Structures are given as C-alpha cells and as structure tokens.
Amino acid sequence: MENRDLVEIEISDMSEEGAGIGHSEGMAVFVDGAVYGDRVKARITKVKKNYAFAECVEIIKPSDKRQEGFCKFSRDCGGCPLGDLRYEEQLKLKTKWIGDKLTRIGGLENPLIHPIIGMDVPERYRNKGVMAVSKEGAIGFVRKKSHEVVDCPDCRIQSEKAMGVAEGLFQYIRENDIRGEIDKLMVRTAPGTGEMMTVVKTRSKGKLPNLEMLIDFLNEGSDFSLASIYLDDRCVAGKRVIIEETAGLKFEISPESFYQVNSRQMLKLYEKAMEYADLKGGETVLDLYCGVGTIGIFAAKAMGDSGRVIGIESIKPAVIDANRNSVINGIVSTRYITGKAEDVLPAIMGIKPYMGYNEVNKLVEKEPPLTVNHADVVFLDPPRAGCQEELLSAVVKTEPDRVVYISCNPATLARDIKYLTERGYEFKEATPVDMFPHTGHVESVVLLTKVHN
C-alpha cells in the first residue's frame, strides 16, 4: 500500500476524530469522510508502519446509520466530525469508546456503564462560542489541521443569537474597512436569564475605530440581549459579568471563567454527580478544578450548609466568581483557593510548603489559608489532560469514602481510574452524558468508593 493508491474499504468503526476505520491488506485505515457501515472507495494519503490514512473518494454503498444535510460547513470546518452519523448512533459510539478505554487503559473487566444521557434536541446547545476572524474579515472556525479560517455564516451547535453577534461584527468590519485588525470573537450566553457577553480580541491592542458603532452592531446582532461587551480585557459596555440561573441557583460568569458549555445537559450531569456523592450533611467536600464553583455550591446546597466545601481553581477570576456565587446564593460553607490543584491540595494538607506572592510579587512560603487532613467526598473535574499523579496521591491521602470523577476525556479518565483502583479504591459505575453532540467528545460521571478491609 502506497500514497495515492485507491482501495475499497468496508468501514467497521469510527475514531474520536470522526474518521471511519476499516482494513485493507491487513492494515487499519482511517478514512476521512466515511461513517461506520459505509462501503467506500478511498485514496491513501499517508502510510505508517501499522496503519494508514485515507480520504473518501466515493461512497459505494452508504451506511443505514448515515444522516445527510446536518451542516453544509461541517466537512470544511471539522467542528462536528460525527455530524454525518445519526444521533442515536453517535450515542452508541460514545458509550463504546468509554467502555473500550476503561477496559484497555483502566484495566477494568466488564465495567458497569449506564445508558448515556443524550439530548432531546441536540442542536444550538453551546452557551460559549469562540470564532476566529481571518485577516480578510471572514468569521468562522479554523479548518482542521490548518490555520485557515472557514467562513461560517451559521453553526448548528451555536446559539442563533451568537451567530447574530458574529454577523454584527462582520458588518462592523465591512463598514470600517478594518480587515486584519480583529483576531477572535467570543460569545457567552446564559439561557436561564437571557443575558449575553461578547469579547472581541484584537491584533491592534484594542485600538479600533468607531467603538460606539461596534457596540451598536453587536447589540443589534444579539437582538439587544448583550449585558456585557469586552474589547480585549477591557469592559467597554454593560457589566463585568453575566448572571446565569439554574436549579434555583445563580452564577456570575466572567470572560475567563470555566462554565459547562451545555446548560441543558449540565443540570443532568450535576444531578448524577450529586447522586453519586450521596451527601447527608456535615461532610467535608473537596471540589478540585472548581471553576466558578458550580459543583461545590450544588454540594453545599445538598448538605444544607452543615458541612464544608473547599474548592481549588488555577484561574483567579474564576475563584473570585466562585466566592461571589456563594455569597449571592447565601452559601456560607464554601472556601475557594487560587492555585493549581496539584500544588494547593498537598500544601493545605501539610505535605509540601504553601507558596504565595508577597507585596513585591515575589513567590515565597506562606501560611496556608486553611488546613485539611480528611475529606468525605472528592469531586474531580479536570481538563482533558486529566489529573497529575501528585494530586491523585494527595486525594488518596485524604481517604475519602467516595470520589466522583467528571471527565471530558475517556483516555485520561481511564488512566486516573487505574491509579486510584491500585491504591485502595473500587470503580463502581459510570454514566456518560452527551454534552457535545455531533463532536467526538463525551462527558462521563464516575463513582469510585474506598475499599474498607
């Protein structure tokens, strides 16, 4: 098999990047543009030692799992690699990926995985959109494996108002003939309140003409729902934060804050996490990678403020928001600390020094803001890279009865579960939640319990 060869392949699986997987001449072939169940003619584009890459040239026999017409831009922008697959098949595929990773990487035999929680209407679900702006003024998304911006007037997974803001920015660029000055557009929406935030990132350090015109165009595009407009790091109109409401709780969200991008599914995710935590009241809870404090505040509410929640987050504005969110919800049992979880948790446990900045911005050893030597429940909600061993080691030393791990990456989830199951914890069950329909991403909530000899 060589580059440019044409081969006929039966697609039997799919990768998380959305490529169909088949075999030819005893070698796995990843075919861009094919879904499982297709029979295709493909052109080989790259050959490795044990596998090859190819592009679909012709669909000889389409799969009965295929759907057409989801998005006319998806093939170019690459943001929805599963968009050609029927939604119920996407859910099956994502559940399979989680099971495969837990078995192969996590070393688990027949792990209990509950049915995935999908969306009733898997469209327009993102409450945060980040769009690139080309030097020619096109607004859209960066093409896969390139720096090219795909002009995308509409995106089926972004809110209609977010796309309206993008159109407003496009009109402003055209009216002022300032191609090349703007780099990115971020739009955050709060479906519970209707508030929206826009952040325009520039290549010119915020030096844009006719700022009032920009504000007018953005507001018109959003149907006047914008509560906050930023130019780079400066709030130029409205409030510093927007407010979201869910499950009777309010959350302030700033530009840098982490907040789950699918508001409709977030509530289902956290309900499952609270079910696994099984809080009775009076517990000490660690909320690691806490973002704006959503999980910790849900936990504090479940305990009726009779326990304590300690949250750790590396992004300082998010910690400010987390503390504010506790105040506006009348929660008094939470404490949030700025810093990397793998540094802060061992430090407040007395395992390593607690480091902080003094009045001249020099990093020095300081007295920790609080101490902890035991936790009843630990929530882990790390980024895609998962948890560092230093953090997992500290978590094990707190001897929690339950660890609730929320993951957006099955591979690093399985790796971290393997570490914990080798150190006194038992995997009990997992529930996948489809937070990102049509993409190759899937969220999981996992319960691990301490083994008591």
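This is a predicted model: local features need pLDDT of at least 70, side-chain atom pairs count only at pLDDT 80 or more; totals for chains, interfaces and linings use all residues.
Local features need pLDDT of at least 70 and side-chain atom pairs pLDDT 80 or more, while totals for chains, interfaces and linings use all residues. Residues are numbered from 1 along each chain as its sequence is written, and side-chain values use heavy atoms, without hydrogens and water.

Biologist: Where is histidine 374 placed?
Modeller: Strands here are DSSP runs of E, at least two residues, numbered from the N terminus. Histidine 374 sits in the loop between strand 20 (363-366) and strand 21 (377-380).

Biologist: Is histidine 374 buried, exposed or partly exposed?
Modeller: Buried means under 20% relative accessible area, exposed over 50%, and partly exposed in between (1.4 Å probe, protein chains only). Histidine 374 has 31%, so the term is partly exposed.

Biologist: Which side chain makes a polar contact with the side chain of histidine 374?
Modeller: A polar contact pairs N or O atoms within 3.5 Å; within protein, one must be able to donate a hydrogen and the other to accept it, and residues adjacent in sequence count only if both atoms are side-chain atoms. At 3.2 Å, the partner is aspartate 376.

Biologist: How far apart in space are histidine 374 and threonine 398, C-alpha to C-alpha?
Modeller: The backbone oxygen of threonine 398 lies 2.9 Å from a polar atom of the histidine 374 side chain. The two residues are 24 apart in sequence, but their C-alpha to C-alpha distance is 4.3 Å.

Biologist: Is threonine 439 buried or exposed?
Modeller: Threonine 439 lies in the loop between strand 23 (425-433) and strand 24 (443-450). Its relative accessibility is 7%, so threonine 439 counts as buried.

Conventions. Helices (H or I, at least four residues) and strands (E, at least two) are DSSP runs, numbered from the N terminus.
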